[in-house]
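Hi,

Here is the structure I promised to pass on. Have a look at it first, and then read my notes below.

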Amino acid sequence: MSFVQTLQLRNFRSYETVRMEDVHSGLIVLCGPNGAGKTNVLEAVSLLTPGRGLRSAANEEIQKKDANQAWAIASNVETGGANVQIGTGLDVSANKRAVRINGVPAKTQMALSDYMSCIWLTPQMDRLFLDTAGGRRRFFDKLIFAFDSGHAGRVTRYENAMAQRSKLLREEKNDDVWLKSLESQMAETGVAIAAARLDFVVRLQRACDMAPQNEENFFPKAYLALSGTVEELLARTPALEVEEMFAYQLRQSRAKDAETGGAATGPHKGDLLVRFAAKDMPADQCSTGEQKALLIGIILAHARLMRSERGMPPVLLLDEVAAHLDEDRRAALFDLLQDLGGQVWMTGTDESLFSAARKRAQFWGVNRGEITKK
Ligand SMILES: Nc1ncnc2c1ncn2[C@@H]1O[C@H](COP(=O)(O)OP(=O)(O)O)[C@@H](O)[C@H]1O
Ligand SMILES: [Mg+2]
(Lines give C-alpha, C1' and ligand atoms only; values in the text may rest on other atoms or scores of the structure.)
(Ligands and ions follow the chains in the order given, each with its own letter.)
Protein backbone atom coordinates (compact mmCIF):
# COMPACT_ATOMS: atom_id res chain seq x y z
CA MET A 1 0.00 0.00 0.00
CA SER A 2 1.36 3.45 -0.69
CA PHE A 3 0.78 6.41 1.54
CA VAL A 4 2.29 9.76 2.39
CA GLN A 5 4.34 9.52 5.59
CA THR A 6 5.81 13.00 5.73
CA LEU A 7 4.89 16.13 3.83
CA GLN A 8 6.90 19.32 3.71
CA LEU A 9 5.86 22.45 1.85
CA ARG A 10 7.92 25.50 0.99
CA ASN A 11 6.51 28.68 -0.55
CA PHE A 12 3.51 26.65 -1.56
CA ARG A 13 0.31 28.75 -1.77
CA SER A 14 -0.37 30.16 1.72
CA TYR A 15 2.52 28.22 3.32
CA GLU A 16 6.02 29.54 3.83
CA THR A 17 7.34 26.36 5.39
CA VAL A 18 5.38 23.64 7.07
CA ARG A 19 6.03 19.99 7.83
CA MET A 20 3.76 17.08 8.71
CA GLU A 21 5.49 14.10 10.35
CA ASP A 22 4.29 10.57 11.06
CA VAL A 23 1.20 10.89 8.96
CA HIS A 24 -0.53 7.56 9.36
CA SER A 25 -1.79 5.25 6.64
CA GLY A 26 -5.53 5.43 7.38
CA LEU A 27 -8.06 8.24 7.72
CA ILE A 28 -6.69 11.76 8.08
CA VAL A 29 -8.81 14.77 8.97
CA LEU A 30 -7.68 18.35 8.43
CA CYS A 31 -9.78 20.83 10.39
CA GLY A 32 -9.65 24.59 10.38
CA PRO A 33 -11.58 27.72 9.46
CA ASN A 34 -12.33 28.82 5.90
CA GLY A 35 -9.21 29.94 4.13
CA ALA A 36 -6.92 28.21 6.65
CA GLY A 37 -5.09 26.24 3.95
CA LYS A 38 -6.75 22.80 4.09
CA THR A 39 -7.38 22.42 0.38
CA ASN A 40 -3.85 23.68 -0.26
CA VAL A 41 -2.52 20.63 1.61
CA LEU A 42 -4.69 18.29 -0.46
CA GLU A 43 -3.45 20.01 -3.58
CA ALA A 44 0.16 19.42 -2.47
CA VAL A 45 -0.53 15.70 -2.00
CA SER A 46 -2.16 15.56 -5.45
CA LEU A 47 1.05 16.99 -6.94
CA LEU A 48 2.91 13.87 -5.82
CA THR A 49 1.29 12.28 -8.88
CA PRO A 50 1.63 13.33 -12.55
CA GLY A 51 -0.39 16.28 -13.84
CA ARG A 52 -1.42 19.69 -12.59
CA GLY A 53 -3.05 18.51 -9.41
CA LEU A 54 -6.45 18.94 -7.86
CA ARG A 55 -6.91 22.53 -8.95
CA SER A 56 -5.34 22.17 -12.41
CA ALA A 57 -3.24 25.12 -11.39
CA ALA A 58 -0.34 26.77 -13.17
CA ASN A 59 2.99 27.28 -11.39
CA GLU A 60 2.34 31.01 -11.01
CA GLU A 61 -0.83 30.33 -9.03
CA ILE A 62 0.86 27.83 -6.73
CA GLN A 63 3.87 30.02 -6.02
CA LYS A 64 3.45 31.81 -2.69
CA LYS A 65 2.92 35.52 -3.29
CA ASP A 66 5.92 37.73 -2.47
CA ALA A 67 8.19 34.77 -1.72
CA ASN A 68 11.76 34.83 -3.02
CA GLN A 69 12.35 31.12 -3.43
CA ALA A 70 10.53 28.72 -5.73
CA TRP A 71 7.73 26.53 -4.40
CA ALA A 72 8.64 22.97 -3.45
CA ILE A 73 7.09 19.88 -1.93
CA ALA A 74 9.07 17.06 -0.31
CA SER A 75 7.54 13.83 0.87
CA ASN A 76 8.47 10.40 2.13
CA VAL A 77 6.08 7.99 0.53
CA GLU A 78 5.80 4.48 1.85
CA THR A 79 5.24 2.08 -1.03
CA GLY A 80 4.58 -1.47 0.03
CA GLY A 81 7.34 -1.64 2.62
CA ALA A 82 9.89 0.52 0.79
CA ASN A 83 10.29 4.21 1.41
CA VAL A 84 10.79 6.63 -1.45
CA GLN A 85 11.62 10.32 -1.26
CA ILE A 86 9.62 12.35 -3.70
CA GLY A 87 10.46 15.96 -4.36
CA THR A 88 8.71 18.29 -6.75
CA GLY A 89 8.64 22.00 -7.33
CA LEU A 90 9.23 24.83 -9.70
CA ASP A 91 12.43 24.63 -11.71
CA VAL A 92 12.94 28.35 -12.27
CA SER A 93 15.42 28.04 -15.13
CA ALA A 94 13.13 25.77 -17.16
CA ASN A 95 9.96 27.44 -15.82
CA LYS A 96 8.27 24.10 -15.26
CA ARG A 97 7.53 21.64 -12.50
CA ALA A 98 10.45 19.32 -11.89
CA VAL A 99 10.44 15.98 -10.10
CA ARG A 100 13.12 14.18 -8.08
CA ILE A 101 12.87 10.63 -6.88
CA ASN A 102 15.31 9.68 -4.12
CA GLY A 103 17.25 12.80 -5.05
CA VAL A 104 17.61 11.88 -8.72
CA PRO A 105 15.91 14.17 -11.28
CA ALA A 106 13.22 12.30 -13.19
CA LYS A 107 12.96 12.79 -16.95
CA THR A 108 9.24 13.42 -16.76
CA GLN A 109 6.48 13.71 -14.17
CA MET A 110 5.17 10.38 -15.39
CA ALA A 111 7.81 8.69 -13.22
CA LEU A 112 5.61 9.58 -10.25
CA SER A 113 2.94 7.15 -11.37
CA ASP A 114 5.22 4.24 -10.37
CA TYR A 115 4.87 5.20 -6.72
CA MET A 116 1.51 6.64 -5.99
CA SER A 117 -1.90 7.29 -7.46
CA CYS A 118 -4.41 9.73 -6.18
CA ILE A 119 -8.12 10.29 -6.75
CA TRP A 120 -9.90 13.38 -5.49
CA LEU A 121 -13.35 14.76 -4.95
CA THR A 122 -13.73 18.50 -4.54
CA PRO A 123 -16.78 20.72 -3.93
CA GLN A 124 -16.48 21.93 -7.55
CA MET A 125 -17.19 18.37 -8.66
CA ASP A 126 -20.64 18.54 -7.05
CA ARG A 127 -21.73 19.89 -10.42
CA LEU A 128 -20.05 17.15 -12.44
CA PHE A 129 -23.33 15.65 -13.68
CA LEU A 130 -24.81 19.07 -14.50
CA ASP A 131 -21.86 20.68 -16.23
CA THR A 132 -20.32 19.95 -19.62
CA ALA A 133 -19.30 16.58 -21.01
CA GLY A 134 -15.66 17.71 -20.82
CA GLY A 135 -15.60 17.58 -17.02
CA ARG A 136 -17.07 14.06 -16.92
CA ARG A 137 -14.72 12.90 -19.68
CA ARG A 138 -11.66 14.20 -17.81
CA PHE A 139 -12.93 12.66 -14.57
CA PHE A 140 -13.38 9.29 -16.25
CA ASP A 141 -10.01 9.46 -18.03
CA LYS A 142 -8.41 10.26 -14.68
CA LEU A 143 -9.92 7.10 -13.20
CA ILE A 144 -8.31 5.19 -16.09
CA PHE A 145 -4.88 6.85 -15.57
CA ALA A 146 -4.78 5.36 -12.08
CA PHE A 147 -4.64 1.92 -13.71
CA ASP A 148 -2.97 2.66 -16.99
CA SER A 149 -0.53 5.56 -17.01
CA GLY A 150 -0.15 5.13 -20.80
CA HIS A 151 -3.68 6.47 -21.21
CA ALA A 152 -2.49 9.98 -20.32
CA GLY A 153 0.10 9.85 -23.12
CA ARG A 154 -2.51 8.71 -25.63
CA VAL A 155 -4.85 11.55 -24.72
CA THR A 156 -2.01 14.09 -25.01
CA ARG A 157 -0.88 12.73 -28.40
CA TYR A 158 -4.45 12.82 -29.68
CA GLU A 159 -4.98 16.40 -28.52
CA ASN A 160 -1.66 17.54 -29.95
CA ALA A 161 -2.46 16.04 -33.35
CA MET A 162 -5.90 17.67 -33.28
CA ALA A 163 -4.42 21.06 -32.33
CA GLN A 164 -1.89 20.86 -35.19
CA ARG A 165 -4.62 19.89 -37.65
CA SER A 166 -6.81 22.78 -36.46
CA LYS A 167 -3.95 25.20 -36.96
CA LEU A 168 -3.34 23.99 -40.55
CA LEU A 169 -7.04 24.19 -41.36
CA ARG A 170 -7.38 27.63 -39.83
CA GLU A 171 -4.43 28.93 -41.81
CA GLU A 172 -5.89 27.33 -44.95
CA LYS A 173 -2.67 25.44 -45.58
CA ASN A 174 -4.12 22.63 -47.63
CA ASP A 175 -1.12 20.37 -47.26
CA ASP A 176 -2.88 17.08 -47.92
CA VAL A 177 0.03 14.85 -46.92
CA TRP A 178 0.50 16.61 -43.60
CA LEU A 179 -3.23 16.70 -42.86
CA LYS A 180 -3.55 13.02 -43.72
CA SER A 181 -0.72 12.09 -41.40
CA LEU A 182 -2.22 14.09 -38.52
CA GLU A 183 -5.64 12.54 -39.17
CA SER A 184 -4.21 9.06 -39.17
CA GLN A 185 -2.47 9.85 -35.84
CA MET A 186 -5.81 11.06 -34.48
CA ALA A 187 -7.54 7.93 -35.77
CA GLU A 188 -4.94 5.60 -34.29
CA THR A 189 -4.72 7.23 -30.84
CA GLY A 190 -8.45 8.04 -30.86
CA VAL A 191 -9.38 4.40 -31.30
CA ALA A 192 -6.91 3.39 -28.58
CA ILE A 193 -8.47 5.95 -26.21
CA ALA A 194 -12.00 4.75 -26.98
CA ALA A 195 -10.93 1.11 -26.52
CA ALA A 196 -9.40 1.87 -23.11
CA ARG A 197 -12.58 3.68 -22.06
CA LEU A 198 -14.84 0.84 -23.23
CA ASP A 199 -12.76 -1.75 -21.43
CA PHE A 200 -12.65 0.31 -18.25
CA VAL A 201 -16.34 1.17 -18.08
CA VAL A 202 -17.13 -2.56 -17.98
CA ARG A 203 -14.65 -3.18 -15.16
CA LEU A 204 -15.84 -0.17 -13.19
CA GLN A 205 -19.48 -1.19 -13.61
CA ARG A 206 -18.61 -4.63 -12.27
CA ALA A 207 -16.99 -3.01 -9.26
CA CYS A 208 -20.13 -0.85 -8.73
CA ASP A 209 -22.27 -3.99 -8.95
CA MET A 210 -20.18 -5.73 -6.33
CA ALA A 211 -20.62 -3.04 -3.68
CA PRO A 212 -21.23 -4.48 -0.22
CA GLN A 213 -24.88 -4.29 0.86
CA ASN A 214 -24.19 -1.76 3.61
CA GLU A 215 -22.73 0.55 0.96
CA GLU A 216 -25.75 0.56 -1.33
CA ASN A 217 -27.99 1.69 1.50
CA PHE A 218 -26.05 4.94 1.68
CA PHE A 219 -24.28 5.37 -1.64
CA PRO A 220 -26.64 4.28 -4.41
CA LYS A 221 -25.47 2.06 -7.22
CA ALA A 222 -24.73 3.74 -10.54
CA TYR A 223 -25.26 2.48 -14.07
CA LEU A 224 -22.43 3.69 -16.25
CA ALA A 225 -22.37 4.09 -20.01
CA LEU A 226 -20.25 5.92 -22.56
CA SER A 227 -21.39 8.06 -25.43
CA GLY A 228 -19.19 9.01 -28.36
CA THR A 229 -19.13 8.12 -32.03
CA VAL A 230 -15.86 6.21 -31.93
CA GLU A 231 -16.77 4.44 -28.66
CA GLU A 232 -20.14 3.38 -30.11
CA LEU A 233 -18.65 2.14 -33.40
CA LEU A 234 -15.93 0.27 -31.60
CA ALA A 235 -18.43 -1.68 -29.52
CA ARG A 236 -19.56 -3.50 -32.70
CA THR A 237 -16.83 -3.12 -35.32
CA PRO A 238 -13.19 -4.32 -35.45
CA ALA A 239 -10.70 -1.66 -34.36
CA LEU A 240 -8.87 -1.39 -37.71
CA GLU A 241 -12.12 -0.69 -39.54
CA VAL A 242 -13.10 1.94 -36.99
CA GLU A 243 -9.71 3.58 -37.47
CA GLU A 244 -10.30 3.83 -41.22
CA MET A 245 -13.84 5.09 -40.74
CA PHE A 246 -12.74 7.75 -38.27
CA ALA A 247 -9.89 8.91 -40.53
CA TYR A 248 -12.39 9.11 -43.40
CA GLN A 249 -14.83 11.15 -41.27
CA LEU A 250 -12.03 13.55 -40.37
CA ARG A 251 -11.09 13.99 -44.02
CA GLN A 252 -14.74 14.69 -44.89
CA SER A 253 -15.16 17.27 -42.13
CA ARG A 254 -12.11 19.40 -42.96
CA ALA A 255 -14.11 22.31 -44.38
CA LYS A 256 -16.50 22.35 -41.46
CA ASP A 257 -13.72 21.92 -38.88
CA ALA A 258 -11.82 24.82 -40.47
CA GLU A 259 -14.76 27.03 -39.50
CA THR A 260 -15.66 25.63 -36.10
CA GLY A 261 -12.21 24.56 -34.87
CA GLY A 262 -11.43 21.19 -33.29
CA ALA A 263 -13.05 18.25 -35.06
CA ALA A 264 -16.73 17.41 -35.58
CA THR A 265 -16.51 13.98 -33.98
CA GLY A 266 -14.03 11.92 -31.99
CA PRO A 267 -13.18 10.79 -28.48
CA HIS A 268 -12.65 14.44 -27.46
CA LYS A 269 -16.44 14.66 -27.50
CA GLY A 270 -17.16 11.50 -25.53
CA ASP A 271 -19.22 11.57 -22.35
CA LEU A 272 -19.75 9.40 -19.28
CA LEU A 273 -23.46 8.80 -18.74
CA VAL A 274 -24.47 7.97 -15.20
CA ARG A 275 -27.85 6.77 -13.94
CA PHE A 276 -29.15 6.21 -10.42
CA ALA A 277 -29.75 2.47 -10.80
CA ALA A 278 -32.57 1.85 -8.31
CA LYS A 279 -34.65 4.74 -9.68
CA ASP A 280 -33.44 4.40 -13.26
CA MET A 281 -32.97 8.16 -13.22
CA PRO A 282 -30.27 10.13 -15.06
CA ALA A 283 -27.83 11.56 -12.52
CA ASP A 284 -28.42 15.16 -13.60
CA GLN A 285 -32.08 14.80 -12.57
CA CYS A 286 -31.23 13.52 -9.08
CA SER A 287 -31.12 15.75 -6.00
CA THR A 288 -27.85 17.45 -5.07
CA GLY A 289 -27.35 15.04 -2.18
CA GLU A 290 -28.08 12.03 -4.40
CA GLN A 291 -25.60 13.24 -6.99
CA LYS A 292 -22.90 13.55 -4.35
CA ALA A 293 -23.72 10.07 -3.04
CA LEU A 294 -23.56 8.62 -6.58
CA LEU A 295 -20.18 10.21 -7.14
CA ILE A 296 -18.85 8.87 -3.83
CA GLY A 297 -20.18 5.42 -4.79
CA ILE A 298 -18.19 5.57 -8.05
CA ILE A 299 -15.02 6.62 -6.22
CA LEU A 300 -15.44 3.78 -3.72
CA ALA A 301 -15.98 1.26 -6.54
CA HIS A 302 -12.88 2.56 -8.30
CA ALA A 303 -10.80 2.24 -5.13
CA ARG A 304 -12.06 -1.32 -4.57
CA LEU A 305 -11.26 -2.24 -8.16
CA MET A 306 -7.78 -0.85 -7.78
CA ARG A 307 -7.25 -2.75 -4.57
CA SER A 308 -8.35 -6.02 -6.15
CA GLU A 309 -6.38 -5.58 -9.41
CA ARG A 310 -3.32 -3.77 -8.06
CA GLY A 311 -3.24 -4.86 -4.46
CA MET A 312 -3.68 -1.32 -3.15
CA PRO A 313 -6.28 1.41 -3.27
CA PRO A 314 -5.32 4.91 -4.44
CA VAL A 315 -4.74 7.70 -1.94
CA LEU A 316 -8.09 9.48 -1.69
CA LEU A 317 -8.40 13.25 -1.26
CA LEU A 318 -11.93 14.13 -0.20
CA ASP A 319 -12.27 17.89 0.12
CA GLU A 320 -15.22 19.02 2.26
CA VAL A 321 -16.81 15.63 1.70
CA ALA A 322 -18.68 15.46 5.00
CA ALA A 323 -20.47 18.77 4.61
CA HIS A 324 -23.43 17.61 2.52
CA LEU A 325 -23.92 14.18 4.07
CA ASP A 326 -26.28 13.47 6.95
CA GLU A 327 -24.94 11.86 10.10
CA ASP A 328 -25.70 8.25 9.13
CA ARG A 329 -24.16 8.64 5.70
CA ARG A 330 -21.04 10.21 7.21
CA ALA A 331 -20.62 7.34 9.64
CA ALA A 332 -21.18 4.81 6.82
CA LEU A 333 -18.62 6.60 4.66
CA PHE A 334 -15.94 6.47 7.36
CA ASP A 335 -16.60 2.72 7.82
CA LEU A 336 -16.35 2.07 4.09
CA LEU A 337 -13.17 4.13 3.78
CA GLN A 338 -11.66 2.34 6.74
CA ASP A 339 -12.51 -1.05 5.15
CA LEU A 340 -10.76 -0.03 1.94
CA GLY A 341 -7.57 0.09 3.92
CA GLY A 342 -5.86 2.98 2.13
CA GLN A 343 -4.87 6.51 3.09
CA VAL A 344 -7.72 9.00 2.92
CA TRP A 345 -7.34 12.75 3.43
CA MET A 346 -10.49 14.65 4.40
CA THR A 347 -11.08 18.29 5.23
CA GLY A 348 -13.76 20.17 7.11
CA THR A 349 -14.35 23.38 9.03
CA ASP A 350 -16.05 21.60 11.88
CA GLU A 351 -14.40 18.78 13.79
CA SER A 352 -17.78 17.50 14.99
CA LEU A 353 -18.56 16.36 11.42
CA PHE A 354 -15.94 13.67 11.96
CA SER A 355 -17.00 12.50 15.41
CA ALA A 356 -17.91 9.04 14.06
CA ALA A 357 -14.26 8.69 12.97
CA ARG A 358 -12.80 10.06 16.19
CA LYS A 359 -11.12 6.86 17.34
CA ARG A 360 -9.83 5.85 13.92
CA ALA A 361 -8.72 9.04 12.25
CA GLN A 362 -5.64 11.14 12.77
CA PHE A 363 -6.72 14.75 13.33
CA TRP A 364 -4.68 17.77 12.30
CA GLY A 365 -5.51 21.38 12.98
CA VAL A 366 -4.80 23.86 10.19
CA ASN A 367 -4.57 27.53 10.96
CA ARG A 368 -2.71 30.52 9.53
CA GLY A 369 0.00 28.63 7.77
CA GLU A 370 0.55 26.12 10.58
CA ILE A 371 -0.46 22.49 10.79
CA THR A 372 -0.44 20.70 14.13
CA LYS A 373 -1.31 17.17 15.10
CA LYS A 374 -4.18 17.01 17.59
N1 LIG B 1 -0.15 31.66 -4.36
C2 LIG B 1 -0.62 31.98 -3.15
N3 LIG B 1 0.10 32.77 -2.31
C4 LIG B 1 -0.37 33.10 -1.09
N5 LIG B 1 -1.55 32.70 -0.60
C6 LIG B 1 -2.30 31.92 -1.39
C7 LIG B 1 -1.90 31.53 -2.69
N8 LIG B 1 -2.85 30.74 -3.23
C9 LIG B 1 -3.83 30.68 -2.31
N10 LIG B 1 -3.52 31.38 -1.19
C11 LIG B 1 -4.32 31.54 0.02
O12 LIG B 1 -4.64 30.30 0.56
C13 LIG B 1 -5.87 30.44 1.26
C14 LIG B 1 -6.87 29.37 0.86
O15 LIG B 1 -6.42 28.17 1.23
P16 LIG B 1 -7.38 26.93 1.09
O17 LIG B 1 -6.51 25.76 1.26
O18 LIG B 1 -8.19 27.00 -0.14
O19 LIG B 1 -8.32 27.15 2.35
P20 LIG B 1 -9.33 26.14 3.02
O21 LIG B 1 -8.79 25.83 4.37
O22 LIG B 1 -10.62 26.91 3.11
O23 LIG B 1 -9.44 24.95 2.14
C24 LIG B 1 -6.49 31.74 0.89
O25 LIG B 1 -6.41 32.59 1.97
C26 LIG B 1 -5.64 32.20 -0.27
O27 LIG B 1 -5.56 33.58 -0.30
MG1 LIG C 1 -11.03 24.29 1.02
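A word on terms before the ligand: helices (H or I, at least four residues) and strands (E, at least two) are DSSP runs, numbered from the N terminus. Please keep in mind that this is a predicted model, where local features need pLDDT of at least 70, side-chain atom pairs count only at pLDDT 80 or more, and totals for chains, interfaces and linings use all residues. Residues are numbered from 1 along each chain as its sequence is written, while chains are lettered from A and ligands numbered from 1 in the order in which they are written.

Around ligand 1 there are 14 residues (C-beta, placed from the backbone, within 6 Å of it). The closest are Ser14, Lys38, Thr39, Asn40 and Lys65. Helix H1 (residues 38–46) gives the largest share of that shell, with 3 residues.

Now the sheet. It is open and mixed, with 6 strands in the order E8-E12-E13-E3-E14-E15; two strands pair if DSSP finds at least two bridges between them. E8 (118–121) and E15 (370–373) are at the edges with a single partner strand each, so one side of each has no neighbour in the sheet. E14 (residues 362–367) and E15 run antiparallel and are joined by 4 bridges, and glycine 365 stands opposite threonine 372 in E15.

Last, helix H10 (residues 288–310): its 23 residues reach 33 Å from first C-alpha to last, close to the 33 Å expected (1.5 Å times one less than the number of residues). Glycine 311 follows H10, with a positive phi near 85 degrees.

Cheers
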